[in-house]
Amino acid sequence: MEKIVKHALKVDLHIHSNKSKFKDGNIVKNNTIENIEVLIKKLNDYGVNVCAISDHDSFDYNLFERLKQEENKGCIKKVVPAVEFSVMFTNNQESPVHVVCIFNDANNEKVKNIEQVLKFDELTNKPNYDYKEAFSENKFIEILSSIDLDVILIA
């Protein structure tokens, strides 16, 4: 019998940068592009092969692109664009569900556009939520449609 998995991969698809400080506070204050070498060292120290910076309801293309430059230099084989969305589904009105969305990176122009689609409100410097501190299910679907990339959703 042929085995499907021939080599194990270590994956971390839930890394936050300081772009998530509106939810994570000071925990992520040093997680900046200027300190990316610290993250790269840790990913290589732990042998992580596939990774994504999946900030809360936002995307930093420059940070993604900088981390992507590390592909095939050490352990990191693939860096994928991702966002962790706060979504209030219609059947769960008490609290939002966090949905990590891993996007296909084949179209770089569409990847760049994720940041524009998720542009923060200029007054609050937070996402443009339409339901308390989350996106409604309809708004979430609208956002994914605007991003227009194949996506894997992990809730």
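A: Start with one term. A polar contact is a pair of N or O atoms within 3.5 Å. Within protein, one of the two atoms must be able to donate a hydrogen and the other to accept it. Keep in mind that this is a predicted model.

Now to arginine 66. This residue sits in helix H3, which covers residues 61–68. Its side chain has a polar contact of 2.6 Å with the side chain of glutamate 37. A polar contact of 2.7 Å links the side chains of arginine 66 and glutamate 70. Leave aside residues up to four places away in sequence, and arginine 66 touches Ile33, Ile36, Glu37 and Ile40.

Is the rest of the helix buried or exposed? Six of the eight residues of H3 are buried, so the helix is largely enclosed by the rest of the structure. The buried ones are Tyr61, Leu63, Phe64, Arg66, Leu67 and Lys68. Their cover includes helix H2 (36–45), S2, S3 and H4.

Asparagine 62 also belongs to H3. This residue is exposed, because its relative accessible area is 52% and the cut-off for exposed is over 50%. Aspartate 60 caps the N-terminal end of H3, with a side-chain oxygen 3.1 Å from the backbone nitrogen of asparagine 62.

Next, look at one of the covering helices. H4 spans residues 108–117. H3 and H4 pack at about 135 degrees, and their axes lie 9 Å apart. That angle makes H3 oblique to H4. From H3, the residues in contact are Tyr61, Phe64 and Glu65. On the H4 side they are Asn108, Val111, Lys112 and Glu115. Sorted by type, the residues of this contact are three nonpolar, one polar and three charged.

H4 has another helix partner, H5. Their axes are 9 Å apart, at an angle of about 145 degrees. Lys110, Asn113, Ile114 and Val117 in H4 meet Ile143, Ser146 and Ile147 in H5. Here the residues divide into four nonpolar, two polar and one charged.

Now turn to strand S2, which is part of the cover of H3. S2 runs over residues 50–53, and both of its faces are covered. Val50 and Ala52 are buried on one side, and Cys51 and Ile53 are buried on the other. How far is this strand from the exposed asparagine? Cysteine 51 and asparagine 62 are eleven residues apart along the chain, and their C-alpha atoms are separated by 15 Å.

S2 also has strand partners. Strand S1 (residues 11–15) runs parallel to S2, joined by three bridges. In S3, valine 79 stands opposite cysteine 51.

S4 (residues 82–88) and S6 run parallel and are joined by two bridges. Valine 87 faces phenylalanine 135 of S6.

Finish with two loop residues. In general, most residues other than glycine have a negative phi. Asparagine 125 is not a glycine, yet its phi is positive, about 55 degrees. This asparagine lies in the loop between H4 and S6. Its 49% relative accessibility makes asparagine 125 partly exposed. Aspartate 148 also has a positive phi, near 60 degrees. It is found in the loop between helix H5 (137–147) and S7. With a relative accessible area of 45%, aspartate 148 is partly exposed.

Conventions: Residues numbered from 1 in each chain as written. Predicted model: local features only at pLDDT ≥ 70, side-chain atom pairs only at ≥ 80, totals over all residues. Heavy atoms only, no water. Helix = DSSP H or I, 4+ residues; strand = E, 2+ residues; numbered from the N terminus. Contact = heavy atoms within 4.5 Å. Pairing = 2+ DSSP bridges. Axes fitted to C-alpha atoms, helices over the stretch in contact; angles between N-to-C directions. Parallel < 35°, antiparallel > 145°, perpendicular 65-115°, else oblique. Nonpolar A, V, L, I, M, F, W, Y, C, P; charged D, E, K, R; others polar. Buried < 20%, exposed > 50% of the residue type's maximum accessible area, 1.4 Å probe, protein only.
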